[in-house]
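Dear colleague,

Please find below the structure that I am handing over to you, together with its sequence.

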Amino acid sequence: MSRVPQIDRRMALSVAAGATLSAAGWPAVALSTPFHRTRPGMTGWPSDTAWEALNTAVGGQLRRLAEPFAACAVPDGSACRAADALLRNSFAIGDDPALTQASGWLDAWNAAPSAYVVAARHAADVAAAVDFAARHRLRLVIKGGGHSYHGASSAADSLQIWTRPMRQVVLHDEFAPVGCRDAGNAVSIGAGARWLEAYQAVTTAGRRYVQGGGCTTVGVAGLIHGGGFGSFSKRFGLAAGSLLEAEIVTADGQVRIANPSIHSDLFWALKGGGGGSFGVVTRVTLRTHALPHNFGAVFGRIKASSDNAYAQLVGAFLDLYAARLFNENWGEQIRLGPDRTLTLGMVFQGLEQSEAEAIWRPFLDWLAHRSADYAWSTPARILSVPGRHLWDADWLRANAPDLIAGDDRPGAPTEHFVWAGDAGQAGQFIHGYGSRWLPQSLLDPFRRPALAEALLRAARAWPLSLHFNKGLAGAPAGEIEAARDSAVHPAAIDAFALAICGAHGPAAYPGLPTSRADPGAGRERARRVEAAMSALRELAPGSGSYVSEANYFEADWQSAFWGPNYPRLLDIKRRYDPSGLFFVHHGVGSENWTADGFEKR
Ligand SMILES: Cc1cc2nc3c(=O)[nH]c(=O)nc-3n(C[C@H](O)[C@H](O)[C@H](O)COP(=O)(O)OP(=O)(O)OC[C@H]3O[C@@H](n4cnc5c(N)ncnc54)[C@H](O)[C@@H]3O)c2cc1C
């Protein structure tokens, strides 16, 4: 049995007593013997009686988790086939605390359920679980939507806090954060809500707009904490830029309000400092905005007939982007591939469909006059959706059914849907992945040829996407200012786009037959992703990477994810979580722990 160091017992006692936290009040952490978290079977692992006491404290919301695919020990069994179908449904994955939206990452992590889960109904349940984990020295994880690419919402031998039952959405005409005078339109959202629930309450029912994420099943708290973006972030900024206040349970088990005047440093860290490192957010309140009259999209896929024609196509698109799309009206992405294709998946707001068509007309005419060089493998399509119907499942099903994929479980809520383009990511097993912010200076006319050349070089190695809405250059000054007052890497603010490159295969949860997929082929794909990313790193040396969509193996991750903000984040982490209760891979302060988060270095 490892000896409990004196300092940790004192810490645990202060936690148990609900001691009030103050910046100066934390005991210094100076351990003389290595700190180990406990695992099942080790002395110190809670007894059945202790677990039962926790279960009582959380109103019966504690559950032991089992391997989800035990039924697949008989591979042809119907139970296994049913499980396999489940894995193409992001809602089904999100509803099971034993599953993560990605099933793993080659040579990095494999999905593994936590030992126990508390399905927390409110902050008091969270506080009881945090207190229990601190007292018993457990590895603690937090699951919201489960979309972490690094598998951070689950860990073997851990206690999981699952925020899913906390999904209430309340709209306010006048909300003033505690201790602040300014009031305005806002929405309070339980940490366990998916963005779809937030959009349907705020936009479909409330006729307002809230800036959240693009993917409908991503968790609200996880996205904000990571400094996330939505399709229209070029207009409305970071989701965290609209954060007015958060309720959070810190490592001492206290329920706190963080906003610009109370725990303002913690509040700053919640805006992009990365999920799972500072406490458990239980509720967020976000500014809402006037709803645009309509939203729109431009889709299509163009194939060039030669390398030379492809280079000209990329150059022509960059010219179009720099001249007409690099502004708050336009977001989302294009994709370039080794097969000399340019795929358009752009969105707009603040424009009528006819205005959008006029903007694209010169580019479309340019292509039409070069039919020997270019062919549309998916014809160009410009469409517009009334603002209030963008997340209205009934309207979309009736008017644009090909844009969405529903929740096909028997009896599933009819309002559930994901965008068709996101459906393939459910259960994905990642082979390689990375992102890089591209500074707006690359769009200067004299730098544009080098930009085009680097994009082409990267795309020859592996398909890459430019997510224009994940770089804030071109956004209104107020949204830029809000982003500057966050922990997000400053490179995001100066970027015209985030370049993302990734490769994945079908779901490979342990126990599934597909888990035996060919790792050699996966490694070759990872090598090609890395070759593409290396071209982008050469193009934008010293630029950052988006923490929530990043390489698991990112070198110098502190600087890549947070740049000059890292020292301040680490200081806040040390003050609010001095014993390191909250650990995630490449999260703030994780350098002090072994890779599995069980031993202090
Ligand atoms: C298919 C897919 C689509 C995506 N689309 C977008 C997008 O459009 N825009 C974008 O910016 N990003 C996007 N992302 C990235 C996404 O924003 C992050 O992965 C985000 O952290 C996911 O949050 P979650 O709650 O769904 O995931 P989880 O895995 O549950 O949580 C993610 C991290 O946040 C922590 N966390 C979760 N809840 C809390 C809480 N209540 N308090 C404190 N910490 C918490 C977890 O511990 C974990 O470290 C996407 C990811 C995927 C897989």
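Which atom of the ligand lies 2.8 Å from a backbone N or O atom of F229? It is a nitrogen atom of the ligand. Please keep in mind, as you read on, that this is a predicted model.

**The ligand and its surroundings**

For G146, a backbone N or O atom is 2.7 Å from a ligand oxygen; for C215, the corresponding distance to a ligand oxygen is 3.4 Å. Taken on its own, the ligand has 940 Å² of accessible area, and the protein covers 95% of it.

The shell around the ligand consists of 33 residues, and the closest are G144, G146, F229, V281 and Y546. At least two shell residues come from each of β5 (139-143), α7 (220-225) and β12 (280-287). The element that gives the most is α7, with 4 residues.

**Residue T216**

T216 is located in the loop between β9 (208-209) and α7. Is T216 buried or exposed? Its relative accessibility is 0%, and T216 therefore counts as buried, the cut-off being under 20%. A polar atom of the T216 side chain lies 2.7 Å from the backbone oxygen of F417. Beyond its neighbours within four places in sequence, T216 is in contact with R194, W195, L196, W391, F417, V418 and W419.

**Helix α13**

Helix α13 comprises 14 residues, 448-461.

The buried residues of α13 are R448, L451, A452, A454, L455, L456, A458, A459 and A461. In an α-helix there are 3.6 residues a turn, so residues three or four places apart point the same way. Among the elements that cover the buried residues of α13 are α10 (307-325), β15 (330-336), β20 (429-439), β21 (464-467), β22 (495-505) and α16 (519-539).

**Residue L291**

L291 sits in the loop between β13 (289-290) and β14 (294-304). Leaving out residues up to four places away in sequence, L291 touches T203, R207, R208, Y209, G387 and R388. L291 and G544 are 253 residues apart along the chain, and their C-alpha atoms are separated by 32 Å.

Yours sincerely,
A colleague

Note on methods: Residues are numbered from 1 along each chain as its sequence is written. This is a predicted model: local features need pLDDT of at least 70, side-chain atom pairs count only at pLDDT 80 or more; totals for chains, interfaces and linings use all residues. Side-chain values use heavy atoms; hydrogens and water are left out. The expected span of a helix is 1.5 Å times one less than its number of residues. Buried means under 20% relative accessible area, exposed over 50%, partly exposed in between (1.4 Å probe, protein chains only). Contact means heavy atoms within 4.5 Å. A residue is near a molecule or strand if one of its heavy atoms lies within 4 Å of it. A polar contact is a pair of N or O atoms within 3.5 Å; within protein, one must be able to donate a hydrogen and the other to accept it, and residues adjacent in sequence count only if both atoms are side-chain atoms. Accessible areas come from the Shrake-Rupley method with a 1.4 Å probe; for residues, only the protein chains shown count as cover.
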